[in-house]
Amino acid sequence: MNVLRSTRTNILSNAKLLHPIKILLSSSYQNVLPAASCIHCGAAFNHVTSFSSTNIWHHQQRQQHTGSTEFLKDMSSWQRIKWNMGFSGTLRVPKRRLMMSGLNLYVCCTDFLDFKDYVEAFSIPDTFTSWFLLLQLHLWMVNVKVTQLGKEGFILKESMYRAMWIDVEKRLNTFKDLTGGEKRKAMDDYYSFMIASILYYDKGIMGSDKVLANSLWIQLYGQDPGVKFDKLQLVVDYVRKQVYHHDHLDPQPILHPGHIPFLPVVGDKLDESKSLKNYQMLLSV
């Protein structure tokens, strides 16, 4: 309980909009990313040279194909203006509560998961970057679910990712041997990793296991040629079952208090007692 309160307090105490981060892929990463296209509308865009403003604009438009922004299509021009100004209109759960629920969804992907279990099971390095990449994978899986929840889901997603960047920046600041410039570069690189992860995982989940495995091999394993097939298969199975599991969850606990459980790495049976305990913890803080 104390650890959970500490995580939430640290994020809330730094709850401000982070400075805009220049979206530019590192030279080593540019060679990994092929030309891509929107999996929903098919429009091609190229992110090999970098994520240009045009490509990022299309990425934002691309999100309008998903469930979380379908509600925008039904809005009048005036309603869209009010939405962009921060007026959300009628919501199933108050906006302030949704923003707190988004923070709790982030906590579900950090405090309620044991990083060491994934390091051992997936055979990945025990590093800060590995933690970040695993975090992106789990946030993306949560995002697959919240995109089904309309404008409430959009607010949850915004709050969840805002909490992530506040936490990542705070964690980076604990590395006293890094200079300010190195920390800023790390934030730039991690932003690029996040965008690439969304693109690859979106494409992977819509394709075959082979396509998903390729996405995970590129993003989670950094194209390591030494990755064993059984480990990659384990991650593919893990992602598939989580998305299926989340797809059948009641959305109410996600909206309030912001709780989403994950199945274990091996097996498909949810630890009900642990899930209930986590849910009650989120209700109590």
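Modeller: Rings of Phe, Tyr and Trp (its six-membered ring) pair if their centres lie within 6.5 Å; planes under 30 degrees apart count as stacked, over 60 as edge-to-face and the rest as tilted. This is a predicted model, in which local features need pLDDT of at least 70 and side-chain atom pairs pLDDT 80 or more, while totals for chains, interfaces and linings use all residues. Residues are numbered from 1 along each chain as its sequence is written, and side-chain values use heavy atoms, without hydrogens and water.

Colleague: Which residues do ring pairs link into a cluster?

Modeller: The cluster consists of Phe128, Trp131, Phe132, Trp165, Phe175, Tyr190, Tyr191 and Phe193.

Colleague: How many aromatic pairs does the structure hold?

Modeller: There are 11 aromatic pairs. In one of them, the ring centres of Tyr118 and Phe122 are 5.7 Å apart and the planes stand at 55°, so the pair is tilted.

Colleague: How are Tyr118 and Phe122 placed in helix α6?

Modeller: Helices are DSSP runs (H or I, at least four residues), numbered from the N terminus. An α-helix has 3.6 residues a turn, so residues three or four places apart point the same way. Tyr118 and Phe122 are 4 residues apart in α6, about one helical turn.

Colleague: Is Phe122 buried or exposed?

Modeller: Buried means under 20% relative accessible area, exposed over 50%, and partly exposed in between (1.4 Å probe, protein chains only). Phe122 is buried at 0%, and Tyr118 is buried at 7%. Tyr190 and Phe193 form another tilted pair, with 6.0 Å from centre to centre and 55° between the planes.

Note on methods. Helix = DSSP H or I, 4+ residues; strand = E, 2+ residues; numbered from the N terminus.
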